[in-house]
Amino acid sequence: MRVKAMSKGTVPAVKCGHRWGAVATFSHQTDARFPTSIYAAELYGFKANVRLGAFVSNLLGGQDNSDIGDVEATGIIRHDIYFMTDYWKNPTTGKIEVIPDHYSTTWTQAGVNAFENAVLGAAKIDRYPTCGTQMYDLTNGRLGFNQNNGAMGLSNLVEFYAVVEAQNKIIQDKCARISAAGSFRNGLQGETAILPTSYLGIRNSGAADLGASAPADTYYGEGYGSFSNLGRNFRSYFRSYTSSTRWWDSWNTRVPVISKETANAYFISQIQACINQKGWFRDFCHWHSCRNNNTMPSILDFLTMMRTAVGNNFVWTCSNGEALEYLYARQLANSVTGIEHNGKVIIAVDTLDLYKGSSANFFPLDTPLPTIHTPLSIEVDLSNTELAGKSVVANTGKMRSIGNNKYIVESRYTQREGFTTVEISEGQGGYYNESIPIATKEIIGNTLKVTTDMPTNAVLYSVATGGYDYDSLPVSRSRKASFDHTFQINDGKDYRIGIISEFGMATLLNVF
């Protein structure tokens, strides 16, 4: 029995629809991590002042995930899981590998050896089977899960959960957290029913047709954004959700392609609609395809266009995973209460898993609370308290001062149900500087010193003299927030420095 008591609130305090009280949220994300494109996008993120995301996997070759912890700690790119729908844990060998015959159009001996109902030489569809109902049917219930009647395979989905665990390991080991979000490889959704206990949401390959007039999907919970998939509840919706747009694809790979001008006009109109509807705009792009098509600078064009379309509106930019974490932190905040006590203001947040005990396709929808790492933003009005007109601090970190004794504070999430508190008291240095950092540079010999007007993280990029900015690679990172950053440089190179503040505002400085 869940029994809790809290004094009646005396200080106005409300949870914000978007992190830090923004009017909308924007995400731009890729699903691969090739050195020839990932760092160019990071550099462009600094230049356009947009934080980005990347879905990654440790099961694919040809990609470099070695520095994702350092990249994430720098502050522009955050990582989520590129979920390998074509993999399983082989029950015979114990290896995590591609499912036999997954990409074949006929059954081979490998498929026959793995699945009871596979027939040698018989035709099959490509990209089949995946874990879940397809594998349950192929093995007469030895493996998988039947989402049509709730029957669990004899394996208890070991072949599936081992893949989840293996892929989550890269984020846990490199970034010290459990990933909240993923993206279906190949856009397949056969595992939609069995993923909710592992992730808050999984992106599919869908997106708005930029050549049509239908609105983009910017759903961010009831009352936020727009979406057309009516009839699904909030938790069920994000089991397999679409992107708002795939802007780059629309004028490069869409059949038939549309003009870049048409794509731009649609994007701008939908960004503005998203702001009006207080939604979450999420664009997806294969950054490596931009590189392969010699259109890498178009990513900067897109991010710059977004910033121009947003104008003076405060729109929070972040990865899909961070956006989902905040969304769930907001949805699961059952109550927010503010009281004044002994000259201080205490904000209490009661977190309750609204989906505990619910299900879809006979599978539990309980929220995986340990995946939520993003704090809840709360607007508090201190006008009628002893703290009115005073400089204040919060015990959970710096806050936003939005004027007239109103502040945005963060309640740190504890990955479980129950109360968390924020204490606000008199003090100095409690507010974020929300401006874009200003940096100056000094070069003495081979030493480059960068000084900023606020604490920042920084990364130094280099490219051969006269080289393109998108060929730049990081050579050093300064990941501890500081006013001063020192780097070593050499002749024959052009250098650029990405700088990001504690609040997530970024800029790019050309050295020479």
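Here are a few exercises on this structure, each with a worked solution.

The structure is a predicted model, where local features need pLDDT of at least 70 and side-chain atom pairs count only at pLDDT 80 or more, while totals for chains, interfaces and linings use all residues. Residue numbers start from 1 along each chain as its sequence is written, and side-chain values use heavy atoms, with hydrogens and water left out.

**Exercise 1. Describe the largest pocket: what is its volume, and which residues are closest to its centre?**

Step 1: get the terms down. On a 1 Å grid over the protein atoms alone, a pocket is an open set of points with protein on both sides within 12 Å along at least five of seven lines, a cavity is a set where a 1.4 Å probe fits but cannot get out, and lining residues have an atom within 4 Å of a point. Points are joined across faces, edges and corners, and a volume is the space filled by probe spheres set on them.

Step 2: the largest pocket comes out at about 740 Å³. It is lined by 34 residues, and the closest to its centre are Arg-19, Arg-51, Gly-75, Glu-322 and Glu-502.

Step 3: sort that lining by class, and you get 15 nonpolar, 9 polar and 10 charged residues. Here Ala, Val, Leu, Ile, Met, Phe, Trp, Tyr, Cys and Pro count as nonpolar, Asp, Glu, Lys and Arg as charged, and the others, Gly among them, as polar.

Step 4: look at the elements. Helix H2 (68-74), strand E4 (77-83), helix H11 (320-331), strand E23 (447-464) and strand E25 (493-501) each supply at least two lining residues. Helices (H or I, at least four residues) and strands (E, at least two) are DSSP runs, numbered from the N terminus.

**Exercise 2. How many cavities of 30 Å³ or more does a search of the whole structure find?**

Step 1: the search finds 4.

Step 2: the largest cavity holds about 50 Å³ of space. Its lining includes Ala-329, Val-349, Arg-412 and Tyr-413.

Step 3: by class, that lining splits into 5 nonpolar, 4 polar and 1 charged.

**Exercise 3. Which peptide bond has an omega of about 0°?**

Step 1: the cis bond joining Tyr-128 and Pro-129 has that omega. Pro-129 sits in the loop between helix H3 (109-114) and helix H4 (133-138).

Step 2: the bond from Val-255 to Pro-256 is also cis, with omega near -10°.
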